[in-house]
Amino acid sequence: MQFAAFFGSRLLKAVVILLAIIALNFFLIRAAPGDPAAVMAGEAGAADQIFLTQLREQFGLDKPVLTQLWIYMSGVATFDLGFSYRQQMPVSELILDRLPATLLLTGTAFVISLAMGIAGGVLAAMRVGRWSDTLITTAALIFYATPLFWIALMAVLLFSVHFSWLPSFGIETVGTDYTGFARLLDIARHLVLPALTLGLFFMAVYARMTRASMLEVGQMDFVKTAKAKGLKNGVIQRRHVLRNALLPVVTLAGLQAGQMVGGAVLTETVFAWPGIGRLMYESLLQRDYNLLLGIFFVSALLVIVVNMLTDIIYRLVDPRIGAA
Amino acid sequence: MRDFWTRFARNRGAVIGLIILLIVIAISVLAPLLFPQSPWRMVQRPFLPPFENPAFLFGTDTLGRNIAAGLAYGSQVSLIVGLVSTAVALLIGVPLGAVAGYHGGLVDDALMRFTEFFQTIPSFALAIVLVAVFEPSIYSIILAITVVSWVPIARLVRGEVLSLKSREYVEAAVLAGQTNLVIITRQILPNALSPIIVLASLTVASAILLEAALSFMGLGDPNLMSWGYMIGAGRTVIRTAWWLSFFPGIAILLTVLSLNLIGEGLNDALNPRLARTGR
């Protein structure tokens, strides 16, 4: 029962944020350069007065702003995000078409960064002040300060151009029709560079956080008790320190979903990865505002869902949070 | 003050960071003297590799423009965008956070909902949308970066004020009949200054990264040479002319790194009680 109440309030919060984003989106579309009807007419290739009036009526642009907002909101509720005249397709279709590639990329990058970040942080914390700690801390510091798109370019230069180890472009080799396992392998080869690039920044974040958190927990009384009991250091670190140190790291990881989307935009742009980030770049080049704002909405929706899931999983995993 | 410097200087990374930052600032100030010609001007043959002609140390780009000049003028954009957007974010975040933390109630509720909203939406995507909608210029870039930067500052200030307002010296000030404004500005904020300074230095760093990413996506101010633009422009020829994208990236890396190092140093120097573990 308690959980149902928590779930309900969490859902309500998500809906409120979602509504706010839709409203923001609506006003941004209105603020975009040019009369929307004129822009649409121009993109459709005709701009006479009758057509303009028709368009205004069709999209309710002749009605008061609040009515327009209502029309827009009910449209979004049925996942109608408008029409892209540049691509001659509904925005929602374009986005759904590209979404799987983005989910694959961000999902892989997330797993890589969390696993390697935590491993690096633990290693550094257990060897504080030794050369391996210095190495990991310095690397994290540098990757934390490096622009993601630049790392992506340098990775292309090194691993695709110089060594020709890995492909640097797209999700599949063009002109081949692999099926089954061969196709999976081809996609995996294309995934390596984008996922590692996107993961590097977050790896740095998680490594720093894990290290700091491990050192902090290591000072606590229950660790001293464990030492006094005569437990081996490895056991203390694994069973007592790490378990408690991971909590803030996992919280942070959940909160980073929005950042991950931003990183995906840059990574996909460099690697021509056919996801919604690349689509965002294309919509920018073509000044396709309907599409741009549609992508913004969907990316925000994704983040809201991820945040909500994190909160719920958290609550299920850590009983202490429920008690608070 | 002297204590502060001794503690700051004890952190080797922070000193290195400060030196790098001072060099970057010097280059940006001296750019018009070092390179009197516009960084957009053709000065040599295109694709001149680096370290061949000492007059063009970092080579030239696709149009024969001097990359060293681009780097120097680009530092101006990075620093101005970083500093101005952080300053504006402070002007918004500090008062709002202070009022929310001090008074609580409706202002506080509203601020917390607002911060939740901004924590949820993907900030880089929002910045892209804002700059695209308001047309790329240095003003829209600063606006977009400010919009996504003020929230963490407001949250930090709120938390600090919340914990400081129940201190005895604040209660004494209330009893002495000081107005709320005086109490906030004279009693509370000075004591919350160190975490704000540390966060501000990190905000400048992330603003510089954001500006570079926006310019890389083609959303830079079309009249100003910036590091992100240079990397984006060199991208198509990366296979043959690596130096076009390489050097601006190093410039961003060094500048952002220096600010992060300074932030850590300030943190150590301003909070001597919180001795860093593992040193």
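Where in chain B does pLDDT stay under 50? I looked this up before anything else, since this is a predicted model. The stretch is residues 275-279 of chain B, and the model has six contacts for it beyond four places in sequence. Where pLDDT is low, the predicted coordinates should not be read in detail. I'm leaving that bit alone.

**Confidence overall.** The average pLDDT of chain B is 90, and 97% of its residues score at least 70. For the complex, I noted an ipTM of 0.91 and a pTM of 0.90 from the predictor.

**Chain A on its own.** I counted up the secondary structure of chain A and got 14 helices and two strands. Taken along the principal axes, a box of roughly 85 × 55 × 40 Å holds its C-alpha atoms. Chain A has 324 residues, and 39% of them are buried.

**Where the chains touch.** Next I went to the contact between A and B, which takes 42 residues from chain A and 35 residues from chain B. On the chain A side, the elements giving two or more residues are H1 (2-31), H6 (131-145), H7 (148-162), H11 (257-271), H12 and H13 (289-317). H13(A) gives the largest share of that side, eight residues. Sorted by class, the chain A side has 34 nonpolar, eight polar and no charged residues.

**One helix pair across the contact.** I zoomed in on H12 (residues 276-285) of chain A and H9 (residues 193-219) of chain B. Their axes are 10 Å apart and cross at an angle of about 60 degrees, so H12(A) and H9(B) are oblique to each other. From H12(A), the residues involved are A:Tyr281, A:Leu284 and A:Leu285, and they meet B:Met217, B:Gly218 and B:Leu219 of H9(B). By class, this contact has five nonpolar residues, one polar and no charged ones.

**The core.** Which residues have the most contacts inside the largest nonpolar core? I found A:Phe149, A:Leu292, B:Ala127, B:Ile128 and B:Ala213, in a core of 163 residues. Helix H8 (residues 180-218) of chain A gives the most to this core, with 16 residues.

Notes. Residues are numbered from 1 along each chain as its sequence is written. Chains are lettered from A and ligands numbered from 1 in the order in which they are written. This is a predicted model: local features need pLDDT of at least 70, side-chain atom pairs count only at pLDDT 80 or more; totals for chains, interfaces and linings use all residues. pLDDT is the predictor's confidence in each residue, from 0 to 100. Two residues are in contact if their C-beta atoms, placed from the backbone, lie within 7 Å. A nonpolar core is a set of buried Ala, Val, Leu, Ile, Met, Phe, Trp, Tyr and Cys residues joined through C-beta atoms within 7 Å. A residue is buried if 20 or more other C-beta atoms lie within 10 Å of its own, exposed if 12 or fewer, and partly exposed in between; C-beta atoms are placed from the backbone. Helices (H or I, at least four residues) and strands (E, at least two) are DSSP runs, numbered from the N terminus. Axes are lines fitted to C-alpha atoms, for helices over the stretch in contact, and angles run from 0 to 180 degrees between N-to-C directions. Angles under 35 degrees count as roughly parallel, over 145 as roughly antiparallel, 65 to 115 as roughly perpendicular and the rest as oblique. Ala, Val, Leu, Ile, Met, Phe, Trp, Tyr, Cys and Pro count as nonpolar, Asp, Glu, Lys and Arg as charged, and the others, Gly among them, as polar.
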